[in-house]
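The paragraphs below walk through one structure. Please keep the sequence and the coordinates at hand while reading.

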Amino acid sequence: ISERNVEAARARLAAWREAAPSDPALKVLAARLDILTGDVASAEQTLREVVTADASQLEAYDLLGRLY
């Protein structure tokens, strides 16, 4: 992301998520990438999945609040 190469960031993140599909930190990172690229609907869905699976994920709640 810092290199401004969204596709490379998305590919790297997809590989990480494939290796650890239930990792909430990776899901939140994916949501952040979606927000940065304007895919708010996908970000919201991912963040809702995170807080449904683990209500202690405060960063996900924070990002959801910022989306609204």
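The model is a predicted one, in which local features need pLDDT of at least 70 and side-chain atom pairs count only at pLDDT 80 or more, while totals for chains, interfaces and linings use all residues. Residues are numbered from 1 along each chain as its sequence is written, and side-chain values use heavy atoms, with hydrogens and water left out.

Thr46 has a relative accessibility of 8% and therefore counts as buried (buried means under 20% relative accessible area, exposed over 50%, and partly exposed in between, with a 1.4 Å probe and protein chains only). Leaving aside residues up to four places away in sequence, Thr46 touches Lys27, Ala31 and Asp34, where contact means heavy atoms within 4.5 Å.

Asp34 belongs to helix 2, residues 24–36. Because its relative accessibility is 7%, Asp34 is also classed as buried. With the same exclusion of residues up to four places away, the contacts of Asp34 are Arg10, Asp39, Val40, Ser42, Ala43 and Thr46.

Leu33 is another residue of helix 2. Its relative accessible area is 3%, so Leu33 is buried. The C-alpha atoms of Leu33 and Arg10 are 7.6 Å apart, although 23 residues separate the two along the chain.

How do two helices pack? Such a pair is described by the angle between the axes and the distance between them. The axes of helix 2 and helix 4 (residues 58–67) come within 10 Å and cross at roughly 20°; axes are lines fitted to C-alpha atoms, for helices over the stretch in contact, and angles run from 0 to 180 degrees between N-to-C directions. Helix 2 is therefore roughly parallel to helix 4 (under 35 degrees; over 145 is roughly antiparallel, 65 to 115 roughly perpendicular, and the rest oblique). On the helix 2 side, the contact is made by Val28, Arg32 and Ile35, and on the helix 4 side by Glu59, Ala60, Leu63 and Leu67.

As for confidence, the protein has a mean pLDDT of 92, with 96% of its residues at 70 or more; pLDDT is the predictor's confidence in each residue, from 0 to 100. Confidence is lowest in helix 1 (residues 6–19), with a mean of 91, and highest in helix 3, at 97.

Definitions and conventions
Helices (H or I, at least four residues) and strands (E, at least two) are DSSP runs, numbered from the N terminus.
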